Amino acid sequence: MNQSNLSLPSGCVLRKASLADQWSIRLLVFSAKLDPTQLNWRQFWVIECDAEGGQSLRNLVACGQLRNFSGAQELGSLVVASAWRGRGLATLLTQHLIKTATQPLYLECLGQRLAQFYSRFGFVPISFEDLPQFPQTTGLSTLKEKFRFSQLAKRLFRVPVVFMEYQG
């Protein structure tokens with residue numbers, strides 16, 4: 001699906017996160033009930049928009065990160081504030097994170113609705129066994145280690161976790 005003709009709404013900017021964004025990022029992630037571990041503001045990109053109602057304040061309305069692992073990256077913590085959904089922000093942020101990735105890219109998501117969203121960008125479902133198990137030469141943990149808890153929840157509690165790999 002070609003969605004490259006999308007643009008940010010007027011008054012919005014996409015930028016690398018700064019230290020000042022760390023609490024807004026945490027608040028967005030917590031509000032979406034996403035995994036609150038491994039939230040490193042340095043790995044995030046954010047969308048900031050002018051406050052509605054003519055105020056001169058800017059609000060952080062969306063965020064997403066590229067987590068670095070040994071030999072892979074994870075697109076994670078992608079959240080759009082509920083008042084800003086339906087404006088293409090998740091699509092723009094996903095496209096930007098894909099373009100920014102420097103290693104093979106993976107993600108985990110809950111349910112088929114999200115899996116269908118990510119499949120529009122070239123992500124395909126894979127099994128837990130197919131996740132990369134790169135040798136640890138950098139001191140970073142492996143993606144498979146990070147996803148192990150989700151795999152356990154999937155098996156024991158039938159949580160609808162879908163592991164996906166970007167194949168563009």
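**Exercise 1.** Determine which residues form one aromatic cluster, and classify the pair F117 and F121.

*Solution.* The cluster consists of F117, Y118, F121, F123 and Y166. The model is predicted: local features need pLDDT of at least 70, side-chain atom pairs count only at pLDDT 80 or more, and totals for chains, interfaces and linings use all residues. Residues are numbered from 1 along each chain as its sequence is written, and side-chain values use heavy atoms, with hydrogens and water left out.

Step 1. A pair of aromatic rings is described by the distance of the centres and the angle of the planes. Rings of Phe, Tyr and Trp (its six-membered ring) pair if their centres lie within 6.5 Å; planes under 30 degrees apart are stacked, over 60 edge-to-face, and the rest tilted.

Step 2. Under this rule there are six aromatic pairs. For F117 and F121, the ring centres are 5.1 Å apart and the planes stand at 70°, so this pair is edge-to-face.

Step 3. Burial is judged by relative accessible area (buried under 20%, exposed over 50%, partly exposed in between; 1.4 Å probe, protein chains only). F117 is buried at 17%, and F121 is buried at 11%.

**Exercise 2.** Identify the charged residues that sit over the rings of W84 and F128.

*Solution.* Step 1. The criterion is that NZ of Lys or CZ of Arg is within 6 Å of the ring centre and within 35 degrees of the ring normal.

Step 1. R87 lies over the face of W84, 4.1 Å from the ring centre. Over the ring of F128 sits the charged end of K144, at 5.4 Å from the centre.

**Exercise 3.** Describe the lining of the largest pocket.

*Solution.* Step 1. On a 1 Å grid over the protein atoms alone, a pocket is an open set of points where a 1.4 Å probe fits, with protein on both sides within 12 Å along at least five of seven lines; lining residues have an atom within 4 Å of a point. Grid points are joined across faces, edges and corners, and the volume is the space filled by probe spheres set on the points.

Step 1. The largest pocket holds about 1200 Å³ of space. Its lining has 37 residues, of which L34, L78, C109, L114 and Y118 are the closest to the centre.

Step 2. β4 (72-80), α2 (89-100), β5 (105-110), α3 (111-119) and α4 (143-157) each give two or more residues to the lining. β4 gives the most, with seven residues.

**Exercise 4.** State where K33 lies, and whether K33 is buried or exposed.

*Solution.* K33 lies in the loop between α1 (22-31) and β2. Its phi is near 60°, a positive value in a residue other than glycine. At 75% relative accessibility, K33 is exposed.

Note on methods
Helices (H or I, at least four residues) and strands (E, at least two) are DSSP runs, numbered from the N terminus.
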